[in-house]
Amino acid sequence: MSRKIPEAIRLLVAQRAGYYCEYCKIHVSESFWSFQVDHIISRKHGGKTELKNLAWTCFPCNNGKGTDIGTMLLPDKTFIRLFNPREDDWNAHFEMEDGVIYANTLVGEATIKVLKLNEVDRILERRALS
């Protein structure tokens, strides 16, 4: 079975997202990196290649997320799932100010951690684009 996502599906995912990364909100036209289709729930965890499980992502977000579906947050070592662009409202979990993405929830905190949304280079990129 091919693991390649058909071009027609890639286009639908990109259009639905308005060509913005569904995690960090950078636009495809402003990114040095190519964009990719992410399996929100990875194939490894039983996710399917269907529109309700796919998100439009920049390379750094998709690379950081990998096959993860959540992470442990310290100090209590609680497992917290990652942000799901198909089910969650970005503004409920995050806010952005001066290029920094802040968490409003534990889901936001977990996602910022795993996707490394606030690495210095990424903050500087968002600042330069605003």
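This is a predicted model: local features need pLDDT of at least 70, side-chain atom pairs count only at pLDDT 80 or more; totals for chains, interfaces and linings use all residues.
Is Ser31 buried or exposed? Ser31 comes out at 15% relative accessibility, so it counts as buried.

**Stop 1: around Ser31**

You'll find Ser31 in the loop that links helix H1 (7–16) to strand E1 (35–39). Next, show Ile26 and Glu125, which Ser31 is in contact with once you set aside its neighbours within four places in sequence.

**Stop 2: Tyr19, in the loop you're already in**

Stay between H1 and E1 and click on Tyr19, which lies in that loop. Tyr19 isn't a glycine, yet it has a positive phi of about 65 degrees. Why does that deserve a click? Because most residues other than glycine have a negative phi. Tyr19 is partly exposed, at 31% relative accessibility.

**Stop 3: strand E2**

Follow on to E1 and then bring up E2: the two strands run antiparallel, with five bridges joining them. To see one of these pairings, select Phe35 together with Cys58, its bridge partner in E2.

Now colour E2 (residues 54–58) by itself. Five of its five residues are buried, so the strand is largely enclosed by the rest of the structure. Look at where the side chains go: Leu54, Trp56 and Cys58 point one way, while Ala55 and Thr57 point the other way. In a regular strand, side chains alternate like this between the two faces of the sheet.

**Stop 4: two cysteines**

How far is the sulfur of Cys58 from the closest cysteine sulfur? That closest sulfur is in Cys61, 3.7 Å away, which is too far for a bond. A disulfide would need the two sulfur atoms within 2.5 Å, and the count of disulfides here comes to zero. Both cysteines are tucked away: Cys58 is buried with a relative accessible area of 2%, and Cys61 is buried at 0%.

**Stop 5: a cis peptide bond**

Jump to Leu74 and Pro75, which are joined by a cis peptide bond with an omega of about 5 degrees. Pro75 is in the loop between strand E3 (70–73) and strand E4 (78–81). Most peptide bonds are trans.

**Stop 6: Lys116**

Finish at Lys116, in the loop between helix H4 (106–115) and helix H5 (120–129). Lys116 has a positive phi of about 55 degrees without being a glycine. Lys116 is partly exposed, with a relative accessible area of 45%.

Note on methods
Residues are numbered from 1 along each chain as its sequence is written. Side-chain values use heavy atoms; hydrogens and water are left out. Helices (H or I, at least four residues) and strands (E, at least two) are DSSP runs, numbered from the N terminus. Buried means under 20% relative accessible area, exposed over 50%, partly exposed in between (1.4 Å probe, protein chains only). Contact means heavy atoms within 4.5 Å. Two strands pair if DSSP finds at least two bridges between them.
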